[in-house]
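I opened this entry to keep track of what I looked up. The structure goes in below, and my notes follow.

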Amino acid sequence: MIKSLKQTFLSLDLQAPKWTSLENKADYELRQYEGATWVSTVVQGQPQKQAQRTAFFRLFDYIQGKNEKETKIEMTVPVTMVVKTGSPDLHMSFFVPPDHQECPPKPTSEDVFIEERKGAAIFVRSFGGFASPEKFAEEAQRLAQSLTKDEQSFHQDYYYTAGYDSPFKVFNRHNEVWYFKKE
């Protein structure tokens, strides 16, 4: 548990999903992500900060052994959240590390589920600093404006936030917003 807590709170050597850069623009990048397994939860009816905390600890409990095999799983990055137009629900996910991709332990909590994400082309805007929900929304709006200006086709009714750092990391923070390319 100490190693996992250290990795989580210091963001050290954490595994991430595989992707390839397809195109780099001045203020965004187009990446091709491989299909991958994620562990997820949805929180309803709570204020944003409380919902984020609830979701994070549900998923953290899962990787700390609250699963059918009582297996401890390494922390990974990014922690993603889906932001859907008009939806108050909070959908948070952790990437399942490569050694558990094929057969992740089944969650024991009914609030946690395994999610298979297909490979996808994703437009990504990166930014630093501490990211609040308002900052993520602002960066998503900037990305949407750039994509519209460049006549890119993308799903506008939702975006993902991607956090790479623990709340205790002060410098060199990395955050992203993602829009999925329409095929």
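Which residues does Glu 115 touch, not counting those up to four places away in sequence? I found Ala 36, Thr 37, Trp 38, Ser 40, His 91 and Ser 93. I keep in mind that this is a predicted model.

I placed Glu 115 in strand β6, residues 112-117. Its relative accessibility is 17%, so I list Glu 115 as buried, the limit being under 20%. Its side chain joins that of Ser 40 through a polar contact of 2.5 Å.

Next I looked up Trp 38. The charged end of Arg 117 sits over the ring of Trp 38, 3.8 Å from the ring centre. Trp 38 also forms an edge-to-face aromatic pair with Phe 95, at 5.6 Å centre to centre and 70° between the planes. Because Trp 38 lies in strand β3 and Phe 95 in strand β5, this pair ties together parts 57 residues apart in sequence. I noted both as buried: Trp 38 has a relative accessible area of 3%, and Phe 95 has 6%.

Then I turned to the largest nonpolar core, which has 31 residues. Met 92, Phe 94 and Trp 178 touch the most other members. Helix α2 (48-63) gives the largest share, seven residues. Leaving aside neighbours within four places in sequence, Phe 94 is in contact with residues including Trp 38, Phe 56, Phe 60 and Met 75.

Last, I checked a pair in helix α2. Phe 57 and Phe 60 are three residues apart there, about one helical turn. I noted Phe 57 as partly exposed at 34% relative accessibility, and Phe 60 as buried at 6%.

Conventions
Residues are numbered from 1 along each chain as its sequence is written. This is a predicted model: local features need pLDDT of at least 70, side-chain atom pairs count only at pLDDT 80 or more; totals for chains, interfaces and linings use all residues. Side-chain values use heavy atoms; hydrogens and water are left out. A nonpolar core is a set of buried Ala, Val, Leu, Ile, Met, Phe, Trp, Tyr and Cys residues joined through side-chain atoms within 4.5 Å. Buried means under 20% relative accessible area, exposed over 50%, partly exposed in between (1.4 Å probe, protein chains only). Helices (H or I, at least four residues) and strands (E, at least two) are DSSP runs, numbered from the N terminus. Contact means heavy atoms within 4.5 Å. A polar contact is a pair of N or O atoms within 3.5 Å; within protein, one must be able to donate a hydrogen and the other to accept it, and residues adjacent in sequence count only if both atoms are side-chain atoms. Rings of Phe, Tyr and Trp (its six-membered ring) pair if their centres lie within 6.5 Å; planes under 30 degrees apart count as stacked, over 60 as edge-to-face and the rest as tilted. A charge sits over a ring if NZ of Lys or CZ of Arg is within 6 Å of the ring centre and within 35 degrees of the ring normal.
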